[in-house]
Amino acid sequence: MADKCSEGLLNGAVPGERGKQDKSVKRGNWGNQIEFVLTSVGYAVGLGNVWRFPYLCYRNGGGAFMFPYFIMLVFCGIPLFFMELSFGQFASQGCLGVWRVSPMFKGVGYGMMVVSTYIGIYYNVVICIAFYYFFVSMTRVLPWTYCSNAWNTPDCVGVLDGNLSSHAAVNLTHLLNATQKRTSPSKEYWRRYVLNLSDDIGNLGEVRLPLLGCLGVSWVVVFLCLIKGVKSSGKVVYFTATFPYVVLTILFVRGITLEGALTGIMYYLTPQWDKILDAKVWGDAASQIFYSLGCAWGGLITMASYNKFHNNCYRDSIIISITNCATSVYAGFVIFSILGFMANHLGVDISKVADHGPGLAFVAYPEALTLLPISPLWSILFFFMLILLGLGTQFCLLETLVTAIVDEVGNEWIIRRKTFVTLGVAVAGFLLGIPLTTQAGIYWLLLMDNYAASFSLVIISCIMCVAIMYIYGHRNYFKDIEMMLGFPPPFFFQICWRFISPAIIFFILVFTVIQYRPISYNDYVYPTWAISIGFLMALSSVICIPIYAIYKVCRSEGDTLLERLKNATKASKDWGPALPEHRSGRYAPAFSPSTESHLEVQPLHPEKAQSEAAAASPVQGSNGLAHSQDSRL
C-alpha cells in the first residue's frame, strides 16, 4: 500500500499536492535530453546526406546552391521541424493519437504510417547491401579491384589491373573521354555479381541469398536495438549517431591529403551565380531540405512524444536542423576529395566519375577506394558509416509504426507486450523486403524510393499545416506552446507556420509535378505498368486522408452536414497534455482529480478529505468545456 500511495503522490493523485514528476511512468520517456537529440540527429542525418546532397550541390551551381539551400532551411526546414516536435511533445502521442486535435484529419496520421512502412521496407534493404559490402571488404584485396573475376566481361578495364601497360593506360584515358564504353570492375561487381541484375522489373529471377542473409542481419540489429523501445534505442544512439562523424573526419583527413583532392573540392564549391535565377535550383534546394529533415514521415512526432512535457523543443529543433545541414555540407568535402583524386588518377573531368544514390555508394566511391593504400580499411570504414547512418533512420521508422499501434490500442495488455509488437513489425518488414533481394530488386527499390515517398509527403505536410493553423486555430496552438514551454513561439515562426512554410510546401509540390520525368535506371526505362504501381503506392498514403475524413463526418453527431463538419473538426475532450498535472487552464478537468482517479490511494485523513471534497466546487475550463480526465492515465 505504501508503494501505491507513493505512486499516487508522484502522479498527482492526492488532492492539494502538485505532481513532482514531468514524465509518463506508463508510456515511458527518454532517459535524458541528450538521447532525444542524438536520436533525432540520427533520424534526420541519413544516407541522403552522403549520396544526394553533394551531387545536387555540384550540379546546381556549387557554392551558389548553398544560398537557396540555407534560405529554405530558415523559412521552411526549421519551422516545420519545430512544429512537428512541439505537436508530438504537447500531446505525448504518436502520429495517430495527436489527431485528437482535429479528429477528421486523423487520416494524415494513417498516411504517415503508410509512408513510414514503405520507407522502412526499402531503407533496410539499402542497409543490408551496405552490410554485404562491409563483410566482403574484410579481405586483403577488395573483390572489385581487378577484372580477372568470373563475373567480368571483356569491356571491363580496371585502373589497377596488373597487365596494364603505359600504352593501355593511354587507351584507357581515350576510352573514358571518347567512347565511354569502358565499364569499371566496381560497376560489374555491383551489377553482375552483387545484384546479378535481370533485364526487366517483371523478371524477378532468384533471391540473392547473400543479400537475404544480410537483410535478416539488418532486421535483427534493428529489433534488438528497439527491444525496450526508447529505453534501449536511447542508449544505442550514443554510438550510432556519433561514430559516423568520426568516420567522416577520418575519410576527410585522408581525402584532402590526396593528389587532385583540391580540384574535386573546388568543383564541389565553386559558385556559378547565374544559376541562382534558375527555378530548378530553388526547387532542388527546397526538396532536399524537406526530405532530408524527415518531415511528414511521422518520426519527428513520435520521437518528441517521449519527451518530458516542459522540454525546450524549440532549442532542439534549431540544433538538430542545423546539424543535419552542416553534415550534408561536410559530407560533400569527404565525397569530392576522393572523387577528385580518382578523376586526377584517370585523367578525366570529375563529372565523368561523379554520381549520386546507389551509383555513388556502391560503384563510384568503392572504385575510388581501391586506389588508396590499405584500401580494405577505408572500405570497411566507409560502409560501416553507411550502416550507422541508415540504422539511425531505421530505428525511428520502426518506432513510429510500433508507437502508433500501441497508442491507438492503448490498453495495459498491449503496452506490456510492446516488445512483441516490435517483433511482429520487424518480421513483417523482413518478409516484405524479400522481393527487393531478388535479381530485379534494385528496380523495385528505386521505384519505391521515387514514388512511395515523394509528392505524397508534400501533400501530407501541407494538410498538417492547414489543419493545425486554420482548423484547430493558430491562437489555440500558440497558447498550447506557451503553456508547454513557458513562452509563445517567436513571431518569425508564427508567420512561417501560417503563411511562408505552407507556400513553400505548395511550391515544392508544383515543382515536383512540373519536373516529373518517368523513372529510369541507367539505360533501363520502366514500363508503364510499373510506373502505374508507383503512382498507386504514392496514392495509397494520400488517399487515407479523404477516406478517413468522410468516415469521421458520417460518424459525427449533427442534423446537417455543416454541424457534422464542425463536430468532426472540433478538438476531442481528451486532447491536450497527457498527464493530469499538466492539464491546467482550459484543459483543467471539471472535477478534482481525486474524485475520478482510478489509482488506489489511501488518504491520510479520510474524514478531512471527504469534507474538503464536499465543499469543493467544480472548476470549468476557460474554453467552456469540461475536460474529463483520461481514465487510462
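Reader: How close do the axes of helix H11 and helix H15 come, and at what angle do they cross?
Author: In this predicted model, the axes of H11 (residues 243-256) and H15 (residues 313-346) come within 8 Å and cross at roughly 35 degrees.

Reader: Is that crossing left-handed or right-handed?
Author: The crossing of H11 and H15 is left-handed.

Reader: Which residues make the contact?
Author: From H11, the contact uses Tyr245, Leu248, Thr249, Leu251, Phe252, Gly255 and Ile256. H15 brings Thr323, Thr327, Tyr330, Ala331, Phe333, Val334, Ser337 and Ile338.

Reader: And what classes are they, for H11 with H15?
Author: The contact of H11 with H15 has 10 nonpolar and five polar residues, and no charged ones.

Reader: New topic. How many disulfides are there?
Author: The structure holds one. Cys147 and Cys156 form it, with their sulfur atoms 1.9 Å apart.

Reader: Why is the disulfide of Cys147 and Cys156 called left-handed?
Author: Because the torsion about its S-S bond is about -70 degrees.

Reader: Now cavities. How many of 30 Å³ or more turn up?
Author: Searching the whole structure gives five cavities of that size. The largest cavity holds about 70 Å³ of space.

Reader: What lines the largest cavity?
Author: There are 12 lining residues. Those nearest the centre of the cavity are Ser92, Asn307, Phe309, Leu579 and His582.

Reader: How does the lining of the largest cavity split by class?
Author: Four of the lining residues are nonpolar, five are polar and three are charged.

Definitions and conventions
Residues numbered from 1 in each chain as written. Predicted model: local features only at pLDDT ≥ 70, side-chain atom pairs only at ≥ 80, totals over all residues. Heavy atoms only, no water. 1 Å grid on protein atoms, 1.4 Å probe; cavity = no way out; pocket = protein on both sides within 12 Å on 5 of 7 lines; lining within 4 Å. Points joined across faces, edges and corners; volume = space filled by probe spheres on them. Nonpolar A, V, L, I, M, F, W, Y, C, P; charged D, E, K, R; others polar. Axes fitted to C-alpha atoms, helices over the stretch in contact; angles between N-to-C directions. Helix = DSSP H or I, 4+ residues; strand = E, 2+ residues; numbered from the N terminus. Left-handed = near helix turned anticlockwise from the far one by under 90°. Contact = heavy atoms within 4.5 Å. Disulfide = S-S within 2.5 Å.
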